[in-house]
Amino acid sequence: YHRWGGIGSHRYQVGFSGDVLATWKALAYLPYFTATASNACYGYWGHDIGGHQQAKGVKESDPELYTRWLQSGVFTPIFKTHSTKDMNMEKRFWMFPDHFDAMREAIRLRYDLSPYIYTAARQAYDTGVSITRPLYYYWPEEEKAYQWKEEFMFGDDILATTVCAPADKVTGLAERPMWFPEGTDWYDVSTGIMYKGGSEHTLLYTIDENPYFVKSGAVIPMAGPDIMTLQKQSNELRLFVVPGFEESTATVYEDDGNSQGYDTEYTLTHISKKFEGNAMKITVAPREGSYQGMPGTRKMSLVLDGFYAPSSISVNGVDVEYSRFATYQQEEGKQVWGYDGNQLQIKVWLEEMPADQQIEVVVSFEDLGSSMTADGKRGLINRIMKMTPEAKLRFSSLRIKDFQLPSELMNIAQCGSYITEDPFNAAEYIEAMDIKAMIDNINSWEKLSPDFKAKITAQTSFER
């Protein structure tokens, strides 16, 4: 791990890009820098997240800039914070209480993606194609693949980008222009919207939203939800499935993580997804290969993002029981499924099984054609839910005795809770959300802050 020393430095593989200034301009340049370095097989870059030093005259860290840098850093080969010894360069997350949750979520996402990233690292070792890849690797005949320099492919299935401009002070929304390459549609995991391939958009994001886009129908291997360290072997695997009717495949690479034996001592687990009638079938093949100390069993879970509740789920032909309390964690090792209404996700928890055994999960729907929701309702629910405390403060300042928040607002803010309690009627709860009625009600209050009215109106939109 070393400083930049010219083009020949790529023989040492892992580089530090130097004393970058903590500015939006510097952040905006890094996606182009990192992806382009792949052309010289110099694929492993670490940039000082948040910047190394302040620009002249700046006396304190900008928490918004730091948050966006952390979010961008999730999709870089080396994820690290570092700075010069200067009290004006604060990097401790807990010193920014208004941004702490968003910062923590970025770090959590990096850990979640570790199996996907490690598999892409093995691809880089085998092929020379880096984890961070320019768009023209995949679309060489498309001129836009060379022009859109703030987005890139991160592994095989993720289109990554960076929000590299501050948010509007009133609306709390930052712009992110995007071009979505043809050949597939792209699912925005942060908001739950599917974008057509070949289209251009100027998208809007709150500080809590870290935009990254997954190929329609793809399966992303993730770590178990309780991951805390990469220094110990784990036998947990979570499969993150996004909406889309495409058949797809994925591979998970594993080795001992601690020796040079990876050249010949490693395992591969192949995953496939296809549709049969009104059912989605996900097959996890037996693990191939071996390495010293590998776990003999596999703990697995599935997250089906942007899907309505199914009619049934089976694992290796055995029906899986639904449980209201399986939303966030497995119940005493039981094989169950639950539904997270706030995220519009099916969550399936499997029993621990031998890793050399094939696992087949069949998720059946009454009507496959209407089984998916990728129109931003998840993003809307979460935005209004996060704005509810501010709404309470704004209305309390009007000093209206025994006042309750407008029912139109609460129907959206609490929609996820309704769905968690009653996932089989999720479509009805979503249909009952009335954005126009909420905005009209908010705007009817003459003494309510104009800025708050503008903010809540703007945050019901995801595009400019």
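## Exercises on strands, cores and helices

Alanine 279 has serine 364 in E25 as its bridge partner. Before we build on that, note that this is a predicted model, where local features need pLDDT of at least 70, side-chain atom pairs count only at pLDDT 80 or more, and totals for chains, interfaces and linings use all residues. Numbering starts from 1 along each chain as its sequence is written, and side-chain values use heavy atoms, with hydrogens and water left out.

**Exercise 1.** Work out which strands join E25, and in which sense they run.

*Solution.* Start with the labels: helices (H or I, at least four residues) and strands (E, at least two) are DSSP runs, numbered from the N terminus. Two strands pair if DSSP finds at least two bridges between them.
- Step 1: strand E16 (residues 279–284) is joined to E25 by 6 bridges, running antiparallel.
- Step 2: strand E19 (residues 312–315) also runs antiparallel to E25, over 4 bridges. Here isoleucine 313 sits opposite valine 363 in E25.
- Step 3: check the cover. Buried means under 20% relative accessible area, exposed over 50%, partly exposed in between (1.4 Å probe, protein chains only). In E25 (residues 359–364), 5 of the 6 residues are buried, leaving the strand mostly covered.

**Exercise 2.** Is strand E13 largely enclosed or open, and which strands does E13 pair with?

*Solution.* 
- Step 1: strand E12 (residues 219–222) pairs with E13 in the antiparallel sense, with 4 bridges.
- Step 2: strand E18 (residues 297–305) runs parallel to E13, joined by 6 bridges. Glutamate 236 has lysine 299 in E18 as its bridge partner.

**Exercise 3.** Find the residues with the most contacts inside the largest nonpolar core.

*Solution.* A nonpolar core is a set of buried Ala, Val, Leu, Ile, Met, Phe, Trp, Tyr and Cys residues joined through side-chain atoms within 4.5 Å.
- Step 1: the largest core has 73 residues, and Phe213, Leu239, Ile346 and Leu409 have the most contacts inside it.
- Step 2: helix H6 (residues 377–396) gives the most to this core, with 6 residues.
- Step 3: a separate core holds 43 residues, including Ala35, Val74, Ala124 and Val189.
- Background: in soluble globular proteins, nonpolar side chains tend to be buried together.

**Exercise 4.** Describe how helices H10 and H11 pack.

*Solution.* Axes are lines fitted to C-alpha atoms, for helices over the stretch in contact, and angles run from 0 to 180 degrees between N-to-C directions.
- Step 1: the angle between H10 (residues 435–443) and H11 (residues 450–458) is about 175 degrees, with the axes 10 Å apart.
- Step 2: angles under 35 degrees count as roughly parallel, over 145 as roughly antiparallel, 65 to 115 as roughly perpendicular and the rest as oblique. H10 and H11 are therefore roughly antiparallel.
- Step 3: contact means heavy atoms within 4.5 Å. Met438, Ile439, Ile442 and Asn443 of H10 meet Phe452, Lys453, Ile456 and Thr457 of H11.

**Exercise 5.** Arginine 399 isn't a glycine: where does arginine 399 lie, and is it buried or exposed?

*Solution.* 
- Step 1: arginine 399 has a positive phi of about 55 degrees.
- Step 2: its place is the loop between H6 and helix H7 (407–413).
- Step 3: with a relative accessible area of 76%, arginine 399 is exposed.
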